[in-house]
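Here's a friendly walk through one model. Have a look at it first, then read on.

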Amino acid sequence: MLSRKIRCKSHGQDSSYFLGWQEYEKNPFDPIDNPSGIIQMGLAENQLSFDHMESWIARNQESHSFMQGGGRSLFRELALFQDYRGLPEFKSELAKYMSKIRQNKVTFDPNKLVLTAGATSANETLMFCLAELGGAFLIPTPYYPGFDRDLKWRTDVEIVPINCSSSNNFRITLPAVEQAYQQAQKLHLNVKGLLITNPSNPLGTSLTLGELRLLITFAIDKNIHIVSDEIYSGTVFEKPRFRSILEALDHENNSSVADQVHVVSSLSKDLGLPGFRIGMIYSNNESLISAATKMSSFGLISSQSQFLLSKILADGKFIKKYVLENRRRLKKRQEMLISGLEKTGIKCLESNAGLFCWVDMRHLLASDTFEAEMELWEKMLREYGLNVSPGSSFHCSEPGWFRVCFANMAKETLDLSVQRIRSMVDSKLENVI
Ligand SMILES: Cc1ncc(COP(=O)(O)O)c(C=O)c1O
């Protein structure tokens, strides 16, 4: 007999977002061994700059054999390391890196940083610290499907959507935020905060200063928290430049709310290291930092990973080159996908960041319904061997939008996926005629 918690459905595992991954696992595409297999376009992984990372590793053997200057081995020290606040040199390098990718517009103090096993653990830890049963966070749609698991499942916290629409390119407006707040009240939920993803997954857009100000003013007005998941901040490859919620706070000189604003990030996306499980919470709120540090015992980063990453991040010249080159490659990939889709009459939302495009396939639906969206998704998956993610799995309020990832595959595979989409569109048109 398993517990009620483990059996409860709010994990979201049966969402089409995860079902698509399962189908892919059964029949994965391989250019040589399985050329008719399913192409995974539903995974926001960044594999574009592995060559840089690997050549750094090859040049710096001592960093992964635990050697310190002078040939001294740190193996025993790292094997026994148990301070859950993390390795000081790693936190210091991580804080500098966070500032660098924000063009030094904000500075990060290592003492206000909590290390977590990825952004997944950071988001859940924040929910445990800020809310409980009967509490809710407002989140603009469309949003990352993993939030249903990370924010709700073990914490009992609810998510209330802020419904954004294509009529203004899914921008956040005050009426939409107010409406979500009222909806939460109708449901007798205690709104504890807003959670934004900036840049957005799945939109690939970054929030404007206007949107950030609006959210700060709202948080002051209602006396609630803001959690800003900035995991994609290092992937901004096009203007406008990225503006962190912390920069907007400084701008507004809103010290009254500074204790209620918390940033989440990780090295999973920009450095392409989701397997290393390196995440963090940053906050000016001392009690929160102390509580989250205690909770971080449940999801620490291994000392081995902290040691290696402290060496990589400390190599300023390498990091600068990596970040610039990675952005250039992401931009090239995004342009490749957009132009390939445009030739088939499919448009994408204009974006400047991320590892994916938010693709408008509304004209390919048999009807303007979520059932028709699922039909199209099934068709792409089973007949055309493409696992893309339907908008409904991101809680999008309009049917016909899909998230398509472009950074987790070889260029030739992306070419093939565009060809497969083209043949699907052609066959649809033939059927109409
Ligand atoms: C918005 C967002 N937050 C958090 C995560 C989880 O990241 P991590 O691998 O660092 O746990 C993801 C992963 O896709 C994401 O898109």
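What follows covers the ligand's surroundings, a pair of helices and one serine.

This is a predicted model, where local features need pLDDT of at least 70, side-chain atom pairs count only at pLDDT 80 or more, and totals for chains, interfaces and linings use all residues. Residues are numbered from 1 along each chain as its sequence is written.

Let's start with the ligand: 14 residues surround it, the closest being Gly-118, Ala-119, Thr-120, Ser-266 and Ser-268. A residue belongs here if its C-beta atom, placed from the backbone, lies within 6 Å of the molecule. Helix α7 gives the most to this shell, with three residues. Helices are DSSP runs of H or I with at least four residues, strands are runs of E with at least two, and both are numbered from the N terminus.

Helix α7 also packs against helix α12, at an angle of about 120° and with the axes 10 Å apart. That makes α7 oblique to α12. Contact means C-beta atoms, placed from the backbone, within 7 Å.

| Helix | Residues in the contact |
|---|---|
| α7 | Thr-125, Leu-126, Phe-128, Cys-129 |
| α12 | Leu-288, Ala-291, Ala-292, Met-295 |

Now for Ser-389, which sits in strand β14 (residues 389–390). Is Ser-389 buried or exposed? Ser-389 counts as buried because it has 27 C-beta neighbours inside 10 Å; the cut-off for buried is 20 or more, while 12 or fewer is exposed and anything in between is partly exposed. Leaving out residues up to four places away in sequence, Ser-389 touches Tyr-17, Gly-20, Gly-42, Phe-402 and Arg-403.

Note on methods
Axes fitted to C-alpha atoms, helices over the stretch in contact; angles between N-to-C directions. Parallel < 35°, antiparallel > 145°, perpendicular 65-115°, else oblique. Contact = placed C-beta atoms within 7 Å.
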